[in-house]
Amino acid sequence: MRLTQRAKALGLGIVALGAALALAACGGGGIEGGSGSENVETVKYQPPPSGDLTVSNWPLYIDKDTVPNFENATGIKVNYIEDVNDNQEFLAKMQPLLSKGQSGGRSIIVVTDWMAKKMHDLGYVQNLDKAGMPNVTANLRDDLQHPEFDPNRDFSVPWQSGMTGLIVNTQLAPNVRSINDLFDPQYKGKVEMLTEMRDTVPLVMKAEGIDPNKASEQQWLDTIDKLKSAVASGQIRRFTGNDYTRDMANGDVAAIIGWSGDAVQLQADNPNIEFRMPTEGCILWSDNMEIPVGAPNPTAAEAFMNYVYDPKNQAPLAAYNNYVTPVDGVKEVFQTSNPDLVNDPLIFPTDQFTSKCSTQPNITGEEEQTVTRAFEGVLNG
Amino acid sequence: MSHEHWVALRRRLIPYGLLGPGILWLILFFVVPLYFMGRLSLESGIFPEFRFDWTFSNYSDAFKAYDTQFFRAFQYSAVATIIGLLIAYPLAYAIAFRGGRWKNAMLLAVIAPFFTTYLIRTLAWETILSDNGFVVNTLQTLGLISSDGRLLATGPAVIAGLTYNFLPFMILPIYASLERMDASLVEAAKDLYSSSRQAFLKVTLPLSMPGVVAGTLLTFIPATGDYINAQFLGGAQQAMIGNVIQSLYLKQTDYPAAAALSFILMAVMLLIVFIYIRFAGSEALMGEEVPD
């Protein structure tokens with residue numbers, strides 16, 4: 001049955017390739033788009049799962065036991081690669097393949113909400129067969145079941161969720177509690193923000209009293225202008241990805257916009273570093289597993305998703321990552337395995353803790369291009 | 001065909017056979033991509049749907065939008081090249097003429113950093129230049145930078161990184177041209193009553209020019225297109241043209257603008273190299289006949 005699955009994937013690939021070639025012929029060549037979301041394929045779950053499985057994920061996003069334990073439990077051989085460093089870069093890298101209906105051997109890719117949606121809109125991911133993952137149906141947290149971008153979780157399953165907020169060195173910047181405090185001249189040159197536009201700009205919008213999910217293009221551009229002047233005055237030192245952890249550890253910066261899980265890992269080395277929920281709230285996001293078009297062995301991919309949604313398998317993953325776990329029942333497992341983490345608000349945030357938080361805004365098309373260009377112009381000033 | 005003909009034909013074909021793999025490589029991995037990039041630079045549209053329609057305005061738009069980063073790249077790279085030359089020449093001279101039995105060890109020391117990857121070496125500079133590191137502290141004590149001043153995330157840090165990373169490319173060609181120089185030429189100059197300074201300026205320096213020209217080109221060209229140093233050692237106001245091209249390709253997925261900018265960079269670079277070689281003399285690059 002793996003053979004038929006492969007043959008089907010191959011057939012699909014050939015059809016997509018043909019379509020791409022035909023498009024290229026009409027359009028005079030160049031880079032062409034996907035087939036669009038109207039004709040998205042749906043995965044067919046064909047038990048029992050077996051064979052090989054390639055998973056593409058972000059670096060340092062899994063404990064060392066999950067993969068071998070999954071292999072022992074199912075007999076599936078996993079090729080786990082950490083080649084996602086940035087949503088946009090990953091799309092740019094994969095697009096030539098995906099637009100031809102190929103996934104480069106990957107059966108699971110992990111990308112953030114807005115990119116999960118974008119890839120679906122481009123026709124680059126398949127809808128899931130829920131028959132293959134009863135644990136996901138049973139244990140996915142209520143608040144994650146109906147996100148705006150995928151109301152029925154047809155094509156995405158959260159890997160981990162998290163919060164974007166303040167990471168503060170309490171010795172250097174004891175009083176930073178609001179995003180507005182980052183613009184205080186006493187921290188000039190000691191402040192950093194994220195290169196991820198959908199984290200940084202919405203947080204600054206919230207500080208301005210704008211709801212990022214209802215913001216107009218002009219409000220995006222005005223907020224980006226505010227960042228631009230903060231760069232020009234030397235207030236913002238630079239924009240970073242995960243590499244802010246080095247600047248934080250070296251004591252080069254006092255307060256930054258960063259991700260909740262990183263704060264916990266930084267704190268392990270330096271007790272003066274902590275995550276702070278900004279007074280205006282945080283940005284909530286999830287990184288989602290998706291099955292790309294042309295994925296070999298989607299049955300094994302669904303088996304993997306199902307496996308990590310068993311609370312006792314999720315527990316070591318959640319304990320390693322310190323991000324918000326999307327799986328219900330982990331807290332109960334922690335009672336015996338990691339009692340120190342049971343009340344960690346970064347892994348199990350209460351509704352009250354996140355009450356003012358927003359999800360990442362959805363911004364697409366020409367507006368996305370205009371805003372991205374303005375933001376990248378600030379990063380590369 | 002006679003035997004002689006065969007031999008003559010083979011003689012004529014051998015050079016082509018030897019050039020073959022190189023030419024094939026260049027066609028496959030340089031000419032073909034260049035063609036596609038040239039095409040891409042004239043397309044328009046929004047990712048992933050671009051149309052080829054001779055959009056020449058991509059070039060003027062891209063240059064107008066990013067001229068600051070363009071000039072900054074050339075400026076950083078030129079400064080790094082000059083500093084590199086000032087460090088490399090005395091060092092290469094010392095190794096070539098005063099190295100003695102330590103010559104190989106010193107050369108090894110020059111190359112040793114290459115055993116570590118480029119990225120790691122640059123990241124190490126992040127730690128060296130850190131706000132609380134000893135370099136910044138020393139400079140603050142000496143009053144060379146203000147007490148709340150810093151090096152990391154500034155232009156000088158980027159230039160320091162560029163200088164460091166490309167230094168071996170400067171040292172090795174200069175060393176090679178000094179090493180093959182006949183030391184008796186300097187003795188002859190001195191026999192003819194020239195001072196050490198005159199001997200250096202009239203004999204050693206001209207003979208080492210091929211190395212200097214090669215070294216400066218090998219430093220200047222890659223340093224101008226570099227983006228790693230600006231990314232890790234620079235701040236938000238130190239972006240070079242390489243950072244912009246990277247952002248256009250991977251973040252903004254504006255492939256036409258990125259391709260156009262790459263072409264402008266390539267053209268400007270060719271022009272500069274052309275003028276430089278004209279100025280320095282092409283013999284300087286190719287090397288003059290060294291009298292035995």
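**Exercise 1.** Determine which residues of H2(B) meet which residues of H8(B), and classify them as nonpolar, polar or charged.

*Solution.* Step 1: two residues are in contact if their C-beta atoms, placed from the backbone, lie within 7 Å. On the H2(B) side, Ala73(B), Phe74(B), Ser77(B), Ala78(B), Ala80(B), Thr81(B), Gly84(B), Leu85(B) and Ala88(B) take part; their partners in H8(B) are Val212(B), Gly215(B), Thr216(B), Thr219(B), Phe220(B), Ala223(B) and Thr224(B).
Step 2: the residues of this contact comprise nine nonpolar, seven polar and no charged (nonpolar: Ala, Val, Leu, Ile, Met, Phe, Trp, Tyr, Cys, Pro; charged: Asp, Glu, Lys, Arg; polar: the others, Gly among them).

The model is predicted; local features need pLDDT of at least 70, side-chain atom pairs count only at pLDDT 80 or more, and totals for chains, interfaces and linings use all residues. Residues are numbered from 1 along each chain as its sequence is written, while chains are lettered from A and ligands numbered from 1 in the order in which they are written.

**Exercise 2.** Describe how the axes of H2(B) and H8(B) cross.

*Solution.* Step 1: H2 spans residues 57-98 of chain B and H8 residues 196-225. Helices (H or I, at least four residues) and strands (E, at least two) are DSSP runs, numbered from the N terminus.
Step 2: the two axes come within 9 Å and cross at roughly 145 degrees (lines fitted to C-alpha atoms, for helices over the stretch in contact; angles run from 0 to 180 degrees between N-to-C directions).

**Exercise 3.** State the element content and order of chain B, then its spans.

*Solution.* Step 1: chain B contains twelve helices and two strands, in the order α-β-β-α-α-α-α-α-α-α-α-α-α-α from the N terminus.
Step 2: the C-alpha trace of chain B spans about 80 × 70 × 35 Å along its principal axes.
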